[in-house]
Amino acid sequence: MFVSNLASTTTLDGSALKIGIVQARFNDDITNALAAACIAELKAMGVSDDRITHVHVPGALEVPLALAALAQIEDPEPFSALIALGCIIRGETYHFELVANESGAGVTRVGMDYHVPIANAILTTEDIAQAVARQTDKGRDAARVAVEMALLLESLA
């Protein structure tokens, strides 16, 4: 069985895909920048505005539940891929580890349970400077991962 590496051999074409984005509002300066970069990259790959659903939740812990809700939508068609956007910055308590671990596990679980690719762009950083340094690239990367994985699963079906 031959499986090609889509990203290295072709330009990613997302024009036929339906993409869902769940964005956490906590640390919204960062998550807004993530979303802007992500949506711009989706559009650059041909995903039109009417094929992008963008919802907001309070924080990273709420992202998996919203992803699961989107994953269940099949009318008129299911989502080709989903994207999780958020930003968790380490504080002085154990809360950072709890939120980072549980949100990450939840995102992965939704993808496996619903068999939908999910690009996880929930940043986990030590400080705001690290988050700012990653916000644009990680937003673009999330869009590319979502499209590449959607196309890969489509080619394997």
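1. Let me start with burial: of the 157 residues in the protein, 45% are buried. Here buried means under 20% relative accessible area, exposed means over 50%, and partly exposed lies in between, with a 1.4 Å probe and protein chains only. Please keep in mind that this is a predicted model, in which local features need pLDDT of at least 70, side-chain atom pairs count only at pLDDT 80 or more, and totals for chains, interfaces and linings use all residues. Residues are numbered from 1 along each chain as its sequence is written, and side-chain values use heavy atoms, with hydrogens and water left out.

2. Next, the overall layout. The protein has 5 helices and 4 strands, and from the N terminus they follow the order α-β-α-β-α-β-α-β-α. Helices (H or I, at least four residues) and strands (E, at least two) are DSSP runs, numbered from the N terminus.

3. On overall dimensions, the radius of gyration is 15 Å, which agrees with the value near 15 Å for a compact globule of 157 residues. That radius is taken over C-alpha atoms, and the globule rule is 2.2 Å times the number of residues to the power 0.38. Along the principal axes, the C-alpha atoms fill a box of roughly 50 × 35 × 30 Å.

4. How much of the contact set links residues 24 or more positions apart? Among contacts with a separation of 6 or more, such pairs account for 79%. A contact means heavy atoms within 4.5 Å.

5. Now the surface and the charges. The accessible surface comes to about 8300 Å², and carbon and sulfur atoms contribute 54% of it. These areas come from the Shrake-Rupley method with a 1.4 Å probe; for residues, only the protein chains shown count as cover. The protein carries 10 positive and 20 negative side chains, with the centres of the two sets 2 Å apart. Lys and Arg count as positive and Asp and Glu as negative, while His and the chain ends are not counted. Each charge is placed at NZ of Lys, CZ of Arg, CG of Asp or CD of Glu.

6. Helix 3 deserves a look on your screen. Of its 9 residues, 7 are buried, and the helix is mostly covered. The buried ones are Val63, Pro64, Ala66, Leu67, Ala68, Leu70 and Ala71. What do the buried residues of helix 3 pack against? Their partners are strand 1, strand 2, strand 3, helix 4 and strand 4.

7. The whole structure holds 6 salt bridges, each defined as a side-chain nitrogen of Lys or Arg within 4 Å of a carboxyl oxygen of Asp or Glu. One of them pairs Arg51 with Glu77, with the closest N and O atoms 2.5 Å apart. Arg51 sits in the loop between helix 2 (28-44) and strand 2 (52-57), and Glu77 in the loop between helix 3 (63-71) and strand 3 (81-89), so the pair ties together parts that are 26 residues apart in sequence. Arg51 is buried, at 18% relative accessible area, whereas Glu77 is partly exposed at 26%.

8. Arg90 and Glu97 meet at 2.5 Å, N to O. Salt bridges with shared partners join Arg90, Glu97 and Glu126 into one network. Arg90 is partly exposed at 31%, and so is Glu97 at 24%. The side chains of Asp49 and Lys43 also form a salt bridge, at 2.8 Å from N to O. Asp49 is exposed, with 52% relative accessibility, while Lys43 is partly exposed at 41%.

9. Which two residues does a cis peptide bond join? They are Asp75 and Pro76, with omega about 5°, and Pro76 lies in the loop between helix 3 and strand 3. Asn27, a residue other than glycine, has a positive phi near 60°. Asn27 belongs to the loop between strand 1 (19-24) and helix 2 and is partly exposed, at 25% relative accessible area. His115 likewise has a positive phi, near 55°, and is found in the loop between helix 4 (95-114) and strand 4 (118-125). Is His115 buried or exposed? At 68% relative accessibility, His115 counts as exposed.

10. Finally, a look at helix 5 (residues 128-156), where Val132 is found. Val132 is partly exposed, at 43% relative accessibility. Val132 and Asn32 are 100 residues apart along the chain, and their C-alpha atoms are separated by 11 Å.
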